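Take a walk through this fold with the coordinates open beside you. Keep the strands and helices in view as you read.

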Amino acid sequence: MAEVEWHPVHGVLMTSEPIEAYGGVAFPRGLLESFADRMNGKPLPFHLDHDLTKPIRMRGVEVFAHDRSDGITELRFRAEIHANDVRFIESRPAMSATVMTPLARDVDTPSKSGARLQLGADHAWFDDEALIHAEERLVQRGVSAEYVLVQRAYQFAVVPDPQIYIEVAVSMLLSIGASAIWDGIKALFARRRTPPGADSSIPTTVNIQITHGNSSLRAVVTTAEAEAAHRAIEALDAVATGFQQDAQRSTKSVEPEASTSIWDDPNRRWTPPS
C-alpha cells in the first residue's frame with residue numbers, strides 16, 4: 001500500500017476587518033486570539049465552501065494571530081493537507097472559518113458547558129429573536145433549558161449561506177424524539193430573513209451532528225422547502241438508532257472520522273453514512 005502524502009499549506013481564516021454581511025461587525029484582535037487558543041490542540045474540521053458533506057483532510061493544524069502593516073489582524077493557520085485534497089485549496093482564492101458566538105442576551109452569561117443540544121444559525125439570515133423562539137419551542141417540547149445552548153454563527157465569506165447547525169447527543173435525540181428537534185428548526189425556517197445582496201431563493205442547509213462518546217454522525221439536508229426538511233428530520237430517529245447501535249458495538253480506541261448521511265428527498269430516505 002502506497003504511503004499517504006501530505007503537503008504543507010497555510011492561509012487566512014478570518015480578519016479583524018468589518019464584515020458587511022453582518023452589518024459591519026468586526027472581531028478585535030483579542031477575540032481572534034481567543035479563537036486561536038480554542039482551536040489549537042484540537043482536531044479542526046475543514047470543508048469545501050462551508051459544506052459539511054465535502055470534508056478536506058488536514059492534520060497538524062496550528063492557528064495564530066498576525067498583525068498586518070495596515071493595522072488589521074489576521075487569524076492565520078498552517079497545517080498539512082492530504083495530497084488528494086490539494087486541488088480544493090488551489091481552486092479557491094481564500095479560505096474562511098465559521099465561528100459561534102453568544103446571542104446579545106448571553107454575552108455576560110457563563111457558557112453552558114453541560115449543554116447536550118447546541119443550536120446555531122447564520123446571523124445574517126437568522127437573528128437572535130429567531131434563535132430565542134427556536135429555543136422556546138425546544139423547551140416546550142421537553143428539553144431542559146439548562147441543556148440547550150443557542151448561538152450565532154458567523155461565516156467568513158463574501159455572502160454567507162443560510163446555514164443551521166445542530167449538535168445533539170444521541171441519547172437526548174432518542175429521548176425527546178426527532179419531532180421535537182423539528183419544532184426548533186421549523187421556528188428558524190419561519191423567521192428566515194434575506195440579508196442585503198443575497199439571493200432569497202438560496203436553499204437552507206441544516207447540519208445535524210449526532211454524537212455518542214467519541215463517535216459522531218453528520219446528517220445534512222439542503223432544501224428551500226420547509227416540508228422537505230420536515231420529512232428529513234422526522235426520519236432521523238431510525239438513523240440515530242442505527243448510529244447508536246453501531247457506536248456501542250465499535251471497539252475503536254481512537255477517535256474515528258465522522259461519517260455523513262445526506263437526505264435524498266425524491267426517495268424519502270437518508271443515504272447510507274459514508
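This is a predicted model: local features need pLDDT of at least 70, side-chain atom pairs count only at pLDDT 80 or more; totals for chains, interfaces and linings use all residues.

Residues are numbered from 1 along each chain as its sequence is written, and side-chain values use heavy atoms, with hydrogens and water left out.

Helices (H or I, at least four residues) and strands (E, at least two) are DSSP runs, numbered from the N terminus. Two strands pair if DSSP finds at least two bridges between them.

Start with the hairpin. Strand E4 (residues 58-67) and strand E5 (residues 73-82) run antiparallel, joined by eight bridges. Aspartate 67 faces threonine 73 of E5. Five residues lie between the strands, and glycine 71 has a positive phi near 90 degrees.

Now move to the open sheet. Eight strands build it in the order E6-E8-E7-E9-E10-E11-E12-E13, with mixed pairing. E6 (98-102) and E13 (269-270) are the edge strands; each has a single partner strand, so one side of each lacks a neighbour in the sheet. Strands of a sheet pair through backbone hydrogen bonds, either parallel or antiparallel. E9 (residues 163-169) and E10 (residues 204-212) run parallel, with seven bridges between them. Here glutamate 167 stands opposite glutamine 209 of E10. H5 packs on this sheet and touches E7 (117-122), E9, E10 and E11 (215-223). The direction of H5 makes about 165 degrees with that of E9.

Next, look at E8 (residues 148-155), which holds glutamine 151. Is glutamine 151 buried or exposed? Its relative accessibility is 16%, so glutamine 151 counts as buried. Buried means under 20% relative accessible area, exposed over 50%, and partly exposed in between (1.4 Å probe, protein chains only). Contact means heavy atoms within 4.5 Å. Not counting residues up to four places away in sequence, glutamine 151 touches residues including Met100, Gln118 and Leu131.

Finish with the helices. H3 (residues 128-140) packs against H5 (residues 178-190) at an angle of about 160 degrees, with axes 8 Å apart. Axes are lines fitted to C-alpha atoms, for helices over the stretch in contact, and angles run from 0 to 180 degrees between N-to-C directions. H3 and H5 are therefore roughly antiparallel, a term for angles over 145 degrees. The contact includes Ala130 and Arg137 of H3, and Asp183 and Leu188 of H5.

Definitions and conventions:
Angles under 35 degrees count as roughly parallel, over 145 as roughly antiparallel, 65 to 115 as roughly perpendicular and the rest as oblique.
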